[in-house]
Each structure stands twice: as structure tokens, then as C-alpha cells.
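Me: I'd like to learn how to read a few features of a protein model. Could you take me through them?

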Amino acid sequence: MATLNESQRGKATKGRMSKTAPRVDLTAMVDLMFLLTTFFMLTTSLGTLNAADIAKPDPCDHCTMDYPASRTMTVLLGKNNQAVSYLGTTENAKMQTTPISNLQKEIAANKIRVAKANGHNPSKYMIVIIKPTETAKFQNFVDVIDEMKIAGIKSYSIDDQHISSSEKDFMKAQGL
């Protein structure tokens, strides 16, 4: 019968040799993880800010803006997510109330009217004047600016200082 030496005696149990559990060295895996993390952090681009650029001119007491009536649409923002829109000047305006959610259809219809009235001349694009009132919500203003981008309106203006008396009277009559 074979005799066990001193080092083998502690490992032997019931006549069998016990095997030591294999050891996995994860050092290389951790190094690889840090290399990949560093690589992806350095090569990915960060998200860009999607903000609309809005620039209002300096206030001027004696300045007047003359927009061509044949291609100018005015949108007045009121309360309860409602807007008043019309095409042309305030004197000849056929003002109509529309929900902010339906404003995109109104813009598209007026864009077609302006294109037909100007002989489909690409240089005669529609101009939109946005007039937020004191009762309008900021979210409605943001929604209208988004609609300008979606509809491809090249030129729009924000005028919260020059709301005419006929516009105020119509909005008051409509409860806006």
C-alpha cells in the first residue's frame, strides 16, 4: 500500500485526492472593460441642443413694420389653448378661432393660398406674425414655434407689443 507524504495527507479524504478549485484571473477582463469604456467615451458625440433661435429686435418707438398683406398671416395666442388667425391686414381680416392643435392645418392652407396668389413664386413665401397675448401659455408659444419649423415657414416674427384694438376686441368677444 502506498504511503502518503506530509503534503498529500492533508488533501486526502476517504482514499481520494481532492482537487483544488480552478481560479480565474479577471485582471485582463477588467483592463479590457476600461479600455472599451474609454474608447467609447472618447469617440461618441454628445447630444446636441435642439433649441429654436429667436431674436427679437430692439424696441423702437417710431418704427413701423410694413408686411405685404397678400402673404402675411397673423396668429394671436389666447387662453384655453386657442389661437386667432387671419391672412392679410387687420382692417380686412377674416379672423377665425382655432385650437392650437389644429393650427398646422391652418398654416398649410394659408401657405397654399399665398403660393397661388403670388403665382407660385418661390421668393414670395408666406410671412407669419406670432402675437402671444397676456393670457397665452408658454407651452402654446413653443408649440407654434415648432409648427413654424415643421411647416417650413422661412420668415416669422414675434410681436407681443403691437396688438391692435380690433384684434383685442375680437379676442374679448371670443372669450380669449
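Reply: Happy to! Let's begin with salt bridges. A salt bridge is a side-chain nitrogen of Lys or Arg within 4 Å of a carboxyl oxygen of Asp or Glu, and by this rule the count here comes to one. Before we go on, note that this is a predicted model: local features need pLDDT of at least 70, side-chain atom pairs count only at pLDDT 80 or more, and totals for chains, interfaces and linings use all residues. Residues are numbered from 1 along each chain as its sequence is written, and side-chain values use heavy atoms, with hydrogens and water left out.

Me: Which side chains meet in the salt bridge?

Reply: Those of Glu-167 and Lys-131, at 3.1 Å from N to O. The pair links distant parts of the chain, 36 residues apart: Glu-167 sits in helix α5 (residues 165-174) and Lys-131 in strand β6 (residues 127-132). Helices (H or I, at least four residues) and strands (E, at least two) are DSSP runs, numbered from the N terminus.

Me: Are Glu-167 and Lys-131 buried or exposed?

Reply: The general idea is relative accessible area: buried means under 20%, exposed over 50%, and partly exposed in between (1.4 Å probe, protein chains only). Both Glu-167 and Lys-131 are buried. Of the 176 residues of the protein, 25% count as buried.

Me: How many helices and strands does the protein have?

Reply: There are five helices and seven strands. Read from the N terminus on, the elements run α-β-β-α-β-β-β-α-β-α-β-α.

Me: What does Leu-87 touch?

Reply: Contact means heavy atoms within 4.5 Å. Leaving out residues up to four places away in sequence, Leu-87 touches Thr-72, Met-73, Asn-110, Arg-113 and Val-114. Leu-87 belongs to strand β4 (residues 82-87), and its relative accessible area of 28% is why Leu-87 counts as partly exposed. Thr-74 is 13 residues from Leu-87 in sequence, with 6.4 Å between their C-alpha atoms.

Me: Which residues make the nonpolar surface patch?

Reply: Patches are made of residues with over 30% relative accessible area and no salt bridge; like charges are joined within 9 Å, nonpolar side chains (Val, Leu, Ile, Met, Phe, Trp, Tyr) within 5 Å. Here Val-24, Leu-26, Met-29, Val-30, Leu-32, Met-33, Phe-34, Leu-36, Phe-39 and Phe-40 make a nonpolar patch of about 1000 Å². Accessible areas come from the Shrake-Rupley method with a 1.4 Å probe; for residues, only the protein chains shown count as cover. One of the patch residues, Leu-32, lies in helix α2 (residues 27-43) and is partly exposed because its relative accessibility is 44%.
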